[in-house]
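Please walk through this fold with me, strand by strand. Keep the sequence and the model open side by side.

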Amino acid sequence: MDKIVVLNEEQDKIIIKNALFYCKLGVPAEEREQPQPIYVDVTIFRSLKEAAESDNIVDTINYASVHKHMKTICDLTFYTLEALAEKMATQIMLNFYFSKIIIQIRKPMAMKHKEVEYAAVEIERNYKYPKP
């Protein structure tokens, strides 16, 4: 029998959902005075085949390490959700190997004087790494 070839490894995903951080974020200066809650969803696209076969953390992306990098970015101050999302994607990309990332950031207090549950942005970035 011929060897079965997996064709969709890059569709594998690592997902971190509803990560709560506190970030100094907002256009008005008073919004940046105190950290505000934000919720972040991150989906990282990468083949998980090697990690599945080896059952070894070194063959995948450590979720706690991703969270740590997200927290490091949230310790900074931003005017916009867009800038925060872009900085977070870049920070994660610089520390891990993957083909695509989707980040959604929700700010519940963005429109606190309106009847809105939250304001959010979602970015999607694809990466192509140079061959070693």
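Strand β2 (residues 36–45) and strand β4 (residues 100–107) run antiparallel and are joined by 7 bridges. Strands here are DSSP runs of E with at least two residues, helices are runs of H or I with at least four, and both are numbered from the N terminus. Two strands count as paired if DSSP finds at least two bridges between them. Val42 has Ile103 of β4 as its bridge partner. Thr43 stands opposite Ile102 in β4.

A word on the source. This is a predicted model, in which local features need pLDDT of at least 70 and side-chain atom pairs count only at pLDDT 80 or more, while totals for chains, interfaces and linings use all residues. Residues are numbered from 1 along each chain as its sequence is written, and side-chain values use heavy atoms, with hydrogens and water left out.

Now step across to β1. Strands β1 and β2 pair over 9 bridges in the antiparallel sense. Leu20 has Tyr39 of β2 as its bridge partner. Ala19 stands opposite Val40 in β2. Strand β1 also pairs with β3, in the parallel sense and over 2 bridges. There, Leu25 stands opposite Phe78 in β3.

How well covered is β2? Mostly: 9 of its 10 residues are buried. Buried means under 20% relative accessible area, exposed means over 50%, and partly exposed lies in between (1.4 Å probe, protein chains only). Across the chain, buried residues make up 37% of the 132 residues.

Next, the helices. The chain has 3 helices and 5 strands. From the N terminus on, the elements run β-β-α-α-β-α-β-β. Contact means heavy atoms within 4.5 Å.

Look at Met70, which is found in helix α2. Met70 counts as buried, at 0% relative accessibility. Leaving out residues up to four places away in sequence, Met70 touches Ile16, Ala19, Phe21, Val40, Val42, Met88 and Ile92. The C-alpha atoms of Met70 and Ala85, 15 residues apart along the chain, are separated by 9.6 Å.

Thr72 also has its place in helix α2. Thr72 is partly exposed, with a relative accessible area of 39%. Its C-alpha atom and that of Gln91, 19 residues along the chain from Thr72, are separated by 9.0 Å.

Now the rings. Rings of Phe, Tyr and Trp (its six-membered ring) pair if their centres lie within 6.5 Å; planes under 30 degrees apart count as stacked, over 60 as edge-to-face and the rest as tilted. The count comes to 1 aromatic pair. The ring centres of Phe98 and Tyr127 are 5.5 Å apart and the planes stand at 85 degrees, so the pair is edge-to-face. Phe98 lies in the loop between α3 (81–95) and β4, and Tyr127 in the segment after β5, so the pair ties together parts 29 residues apart in sequence. Phe98 is buried, with a relative accessible area of 2%.

Charges also sit over rings, which requires NZ of Lys or CZ of Arg within 6 Å of the ring centre and within 35 degrees of the ring normal. Lys100 lies over the face of Phe45, at 4.4 Å from the ring centre. Arg106 lies over the face of Tyr118, at 5.8 Å from the ring centre.

Finally, the chain as a whole. Among contacts between residues at least 6 apart in sequence, 63% join residues at least 24 apart.
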